[in-house]
2 protein chains.
Amino acid sequence: MLSEDEARQLYRESIHIDSLNISNWGPEIFQAWRKGGITAVSCTCGLWEDFKGTIANIVQWKKWYEEYSDLIMEITSIEDVYTAKKLNKTGVILNFQNTSGIEDQLDYLRVFRDLNVRQMQLTYNTQNYSGAGYTELRDSGLTGFGRQVVDHMADLGIVCDLSHVGPQTTKDTIEYARKPPCFSHVLPSGMKESGRNKSDEEIQALGAKGGMVAASNFGPHMKMGNDSKIDDYVEVLEYLIDLVGEDLVGIGSDASEGHARPSPFLEWCNRDKGYARKMTEWGSAPVVKPLGNLADREDLAVAMARRGWTAERMRKVLGLNWLNYYKRIWEN
Amino acid sequence: MLSEDEARQLYRESIHIDSLNISNWGPEIFQAWRKGGITAVSCTCGLWEDFKGTIANIVQWKKWYEEYSDLIMEITSIEDVYTAKKLNKTGVILNFQNTSGIEDQLDYLRVFRDLNVRQMQLTYNTQNYSGAGYTELRDSGLTGFGRQVVDHMADLGIVCDLSHVGPQTTKDTIEYARKPPCFSHVLPSGMKESGRNKSDEEIQALGAKGGMVAASNFGPHMKMGNDSKIDDYVEVLEYLIDLVGEDLVGIGSDASEGHARPSPFLEWCNRDKGYARKMTEWGSAPVVKPLGNLADREDLAVAMARRGWTAERMRKVLGLNWLNYYKRIWEN
């Protein structure tokens, strides 16, 4: 069993990838990532936005890459992740949590891929052209257009994310997709029943296809609710490993650090299209994040060691699994 | 029983409304409407277009209203329909066959209503934010966003059309809507099985709510297929009257006069979003329209008389039913 010091040492030498971040971007967050030793982080640059709104978010990132080049760098390839580690920077992988940014244009997928959006969730909570989110009244499953989106994403080397996607759309997409989709930030409903959580069957179906599942960090949807601690988070990782093995599990914190709760931003997230009907209570309800602050991410390795994890399992779950998966999806 | 001369005389004195036209607009069509004695016609100004594309189509109509003011006029109220009749012009009621023009913005419904789009089909053939079309892989039903669209349409006095809409979305919308929706251009599957046709149950459910059903004019979906004649079209009207009574049945020709088949336009209609996968074969397959040319619309009244229709029934189905229905929807 690794000691705390050994765990910290291992963490500092490891590649750590966080597959979902929606923090209040800016220098404070970039510094927190550095302090937390995060090698690469997937940041949401499209949630409810249309094409132009998404482009504006991406342009902001390109400016940040220049302005804060001492802290962050753009990830355009697997090689860049190693470079970020070597240079002691945090690599940014842009993601969408909704395909609203492509509007109804399949060709926009290529535009966004070329702008280095390498991970896209099919839909966020509600229905869009491609499929249904988990709060939708009825789940359409993957639509005919959605099939074309999934095909194009595979061709272009874009990760297909099914985290907030409804059960039928999730099932259809896992079955239909030529390349394995992922759950970039989910929790298992086998540990706590919730519409947002994924069932054992869904997780196993994804794993059978070779898809990654990363645990999010949302107290209310964990077994102990808002009393959950970092060890409970590691228990979630163990539950996922029992379902799909230790090569397909990762960390997807869903950190929203720097956003007050309630805040106009979280209110926007939690209304359909950002302004219409309210979908969930999480814009204002209390939410404990047991993984702690971004700057303290190293504590996760200590908790893994405390629960008797091997060094190999720690390295895989902290980052190598995501790296291997990205390699399979990004590189055609 | 009315003689042919009496039927022609009745037609010329009657208000005749055609609830769906997607012809190759321009002076030839406007002259054909005049020759055909059509009082008002609902014209599609949005099918796959986004907000800006739809606005461009509407601007073209505003220019046509000015340039061809001897033939056509804009309909902004029930009163305008009577004015068109009196002035021997054809009134134009703009419609959408898809809510793609509002994109994800409920407020755009007000913009389009103020531009005099007074009839909107929730979706055209496939899935959109509001619901599913009849060719979609799985029918989502009316979505949560769709409910808000339907509520806003009722508030704004916009007719909600369910013609190309899938069965579950049709059922949900009829049940949910505060104001009765319509089928602006359909045929009954009780006479010919087809995914595009509406079942007796759907037609009766619509009628029970006070919604209008108008017969379209599409040989392949009629009992006699492309051998259908104008009397077969009148038989369809009788079938609908048997289901919902003679106060809720009208004419919705779905005339696409002036467009070649095949043509780039019909190819665009028959691909998802106008360019993606092909949905139906009708872009190039032979299609007989038993109602005949727009300029010969008077023949419909002769066929009605030939089948023994009373003058009252003729007047209602030719136009008064639509007029009464529009009054109920448009005027809050």
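Start where the chains meet: 28 residues of chain B are in contact with 28 residues of chain A. Keep in mind that this is a predicted model.

**Stop 1: the interface.** Select both sides of the contact. Together they bury about 2,400 Å², and carbon and sulfur atoms give 52% of that area. Now pick Tyr129(B), Arg138(B) and Tyr275(B). In chain B these residues lose the most area to chain A, together 26% of what that side buries.

**Stop 2: the salt bridges.** Two salt bridges are counted between chain B and chain A. For one pairing, select Asp172(B) and Arg138(A). They form a salt bridge, with their closest N and O atoms 2.3 Å apart.

**Stop 3: the axis.** Zoom out to see both chains. A rotation of 180°, with 0.0 Å of shift along its axis, superposes chain B on chain A at an RMSD of 0.0 Å. The two copies are therefore related as by a two-fold rotation axis. Which residue of chain B comes closest to the rotation axis? Select Ser140(B), whose C-alpha is 2.1 Å from it. Of the interface residues of chain B, 100% are also interface residues in chain A, so the copies meet through the same surface.

**Stop 4: helix H3 of chain B.** Select residues 51-67. Phe51(B), Thr54(B), Ile58(B), Trp61(B), Trp64(B) and Tyr65(B) are buried. Look down the helix axis: the buried residues of H3(B) fall within an arc of 140°, so they line one face. Their packing partners in chain B include helix H2 (27-35), strand E2 (40-46) and helix H5 (108-114). Turn to the other side of H3(B), where Lys52(B), Lys63(B), Glu66(B) and Glu67(B) are exposed.

Terms used:
Residues numbered from 1 in each chain as written. Chains lettered and ligands numbered in written order. Predicted model: local features only at pLDDT ≥ 70, side-chain atom pairs only at ≥ 80, totals over all residues. Heavy atoms only, no water. Least-squares fit on C-alpha atoms with pLDDT ≥ 70 in both. Contact = heavy atoms within 4.5 Å. Helix = DSSP H or I, 4+ residues; strand = E, 2+ residues; numbered from the N terminus. Expected span 1.5 Å × (residues − 1). Buried < 20%, exposed > 50% of the residue type's maximum accessible area, 1.4 Å probe, protein only. Arc of directions from axis to C-beta. Buried area = accessible area lost by both parts, 1.4 Å probe. Salt bridge = Lys/Arg side-chain N within 4 Å of Asp/Glu carboxyl O.
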